[in-house]
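Have the structure to hand while you read.

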Amino acid sequence: MPPFDPPLNATVSLASNLLGVRFDPYQVTNFLVEIEGLVVGGFSECSGLQAETEFLDYREGGVNEYMHRFAGASKYPPLVLKHGITQIDSLWSWHQDVIQGKIKRRNGTIYLLDRQQIPAIWWNFKEAFPYKWTGPDLRADSGNVAVESVEVSHRGLSRPSLSNLVAGVGAALSGPSNLSGGF
């Protein structure tokens, strides 16, 4: 008989009760974007955190109850990053380099922060470059902040798995004896 493996919900609930910590959902207004080697400032919006795997349907001769479904290639839509325009023009310069044929792909991370401004969950994107820059809509009758938008093509997203985070909590609960090779 295989060893007992408690469901993830039960494990998280137990860790939450023992530590006295609540695992509330994070607010979308509390995030940080970091792009390798660029100083940009704060972003007001980040969208496009998405991954989709295409699939292929195959109908087997003589099997009428269902179709086989096979996984295909995965694709990642562009990230759209928006922020108020300041004197810091690193996104503009990066896009201008792309226009001139000097494509420098950069890695980056989008951090979702908790209430204490500490990264709680993050997504890494790799080998990105800006392919579209959009400037602000300038209107004399508006008091809005001037916002620029940059669309970034990338080669995939990754993030730490919840099981790794829960394993870290479990290690903390088991104390020093677990770290020193005890039972």
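1. Start with a charged pair: glutamate 54 and lysine 75 make a salt bridge, with 3.7 Å between the closest N and O atoms. (A salt bridge here is a side-chain nitrogen of Lys or Arg within 4 Å of a carboxyl oxygen of Asp or Glu.) Glutamate 54 sits in strand β3 (residues 52-58) and lysine 75 in strand β4 (residues 68-75), so the pair ties together parts 21 residues apart in sequence. Glutamate 54 is partly exposed at 38% relative accessibility, and lysine 75 is partly exposed at 40%. (Buried is under 20% relative accessible area, exposed is over 50%, and partly exposed is in between, with a 1.4 Å probe and protein chains only.)

2. A word on what you're looking at: this is a predicted model, where local features need pLDDT of at least 70 and side-chain atom pairs pLDDT 80 or more, while totals for chains, interfaces and linings use all residues. Residues are numbered from 1 along each chain as its sequence is written, and side-chain values use heavy atoms, leaving out hydrogens and water.

3. β3 and β4 are also linked by arginine 69 and aspartate 57, a salt bridge with its closest N and O atoms 2.8 Å apart. Arginine 69, in β4, is exposed at 54%, whereas aspartate 57 is partly exposed at 34%.

4. Now try glutamate 127 and arginine 155, whose side chains meet in a salt bridge at 2.4 Å, N to O. Glutamate 127 is in strand β7 and arginine 155 in the loop between β8 and β9 (157-158), 28 residues apart. The salt bridge count comes to five.

5. Zooming out, the protein chain has four helices and nine strands. (These are DSSP runs numbered from the N terminus: helices are H or I with at least four residues, strands E with at least two.)

6. Which strands does β5 (residues 79-84) pair with? Strand β2 (residues 45-47) joins β5 antiparallel through three bridges, and glutamate 45 has lysine 82 as its bridge partner. β5 also pairs with strand β8 (residues 147-153), again antiparallel, over six bridges; there, leucine 79 partners valine 152. (Pairing takes at least two DSSP bridges between the strands.)

7. Finally, look at helix α2 (residues 90-99), where Ser90, Leu91, Trp94, His95 and Val98 are buried. They span an arc of only 135 degrees around the axis, which puts them on the same side of α2. (The arc is taken from the directions from the helix axis to the C-beta atoms.) After α2 comes glycine 101, with a positive phi near 85 degrees.
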